[in-house]
Amino acid sequence: MIKVQDIQQYGKEHMETVAASAATMQTGIQAIASAYGDYTKKSFEDTKSFVEKLSGVKSLDKAIEVQTEFAKSAYETFVAESQKISALYTDLAKQTFKPLEGVIAKFTPTAAV
């Protein structure tokens, strides 16, 4: 027979699990937003520096050299920041669903070995 206390305890456990998951998600989203903001700021500063350098060149060869350096630097920064942000999304997913593993385990039958 199911007792009212068991139902209440079950509901309380689930609320605590959802609250823990939401708190983890909030922290993760803040970290991701901060990473995007940092990347945007760095990109803006790099572009500003590039434009300043480019406006000071006197020859076509030097302009091509400055542009090539900027393109290489921008690409390397993009790849590095993309990997960093991707890792943050992965960590967010893992940490957000970690509290739910216990709930899922209760309802998932285990395979007999």
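Which residues are buried in α1? In α1, the buried ones are Thr-17, Ser-21, Gly-28, Ile-32, Ala-35 and Phe-50. Buried here means under 20% relative accessible area; exposed means over 50%, and partly exposed is in between, with a 1.4 Å probe and protein chains only.

Some ground rules. This is a predicted model, where local features need pLDDT of at least 70 and side-chain atom pairs count only at pLDDT 80 or more, while totals for chains, interfaces and linings use all residues. Residues are numbered from 1 along each chain as its sequence is written, and side-chain values use heavy atoms, leaving out hydrogens and water.

Confidence next. pLDDT is the predictor's confidence in each residue, from 0 to 100. The chain has a mean pLDDT of 86, and 92% of its residues reach 70 or more. Among the elements, α2 has the highest mean, 94. Helix α3, residues 101–107, has the lowest, 70. Where pLDDT is low, the predicted coordinates should not be read in detail.

Now the helices. They are DSSP runs of H or I with at least four residues, and strands are runs of E with at least two, numbered from the N terminus. Helix α1 covers residues 4–55, which is 52 residues. At 1.5 Å a residue α1 should span 76 Å, and its end C-alpha atoms are 76 Å apart, so the two agree. The expected span is 1.5 Å times one less than the number of residues.

Helix α2 runs over residues 60–97. It has 38 residues. From first C-alpha to last, α2 reaches 55 Å, close to the 56 Å expected.

What do the buried residues of α2 pack against? They pack against α1. Those residues are Ala-63, Val-66, Thr-77, Glu-81, Ile-85, Leu-92 and Thr-96.

Take Thr-77 in α2. Its relative accessibility is 15%, so Thr-77 counts as buried. Leaving aside neighbours within four places in sequence, Thr-77 is in contact with Tyr-39, Lys-42 and Asp-46. Contact means heavy atoms within 4.5 Å.

Other residues of α2 now. Val-79 sits in this helix. With 27% relative accessibility, Val-79 counts as partly exposed. Ser-86 has a relative accessible area of 41%, so it is partly exposed. Gln-83 also belongs to α2. At 54% relative accessibility, Gln-83 counts as exposed. Gln-83 and Ala-22 are 24 Å apart, C-alpha to C-alpha, and 61 residues apart in sequence.

Last topic: the largest pocket. It holds about 220 Å³ of space. Of the 13 residues that line it, the closest to its centre are Asp-46, Phe-50, Glu-69, Phe-70 and Ser-73. The elements giving two or more residues to this lining are α1 and α2. Helix α1 gives the most, with 7 residues. By class, the lining has 5 nonpolar, 5 polar and 3 charged residues.

Terms for that part. A pocket is an open set of points on a 1 Å grid over the protein atoms alone, where a 1.4 Å probe fits, with protein on both sides within 12 Å along at least five of seven lines; lining residues have an atom within 4 Å of a point. Ala, Val, Leu, Ile, Met, Phe, Trp, Tyr, Cys and Pro count as nonpolar, Asp, Glu, Lys and Arg as charged, and the others, Gly among them, as polar.

How values were computed:
Grid points are joined across faces, edges and corners, and a volume is the space filled by probe spheres set on the points.
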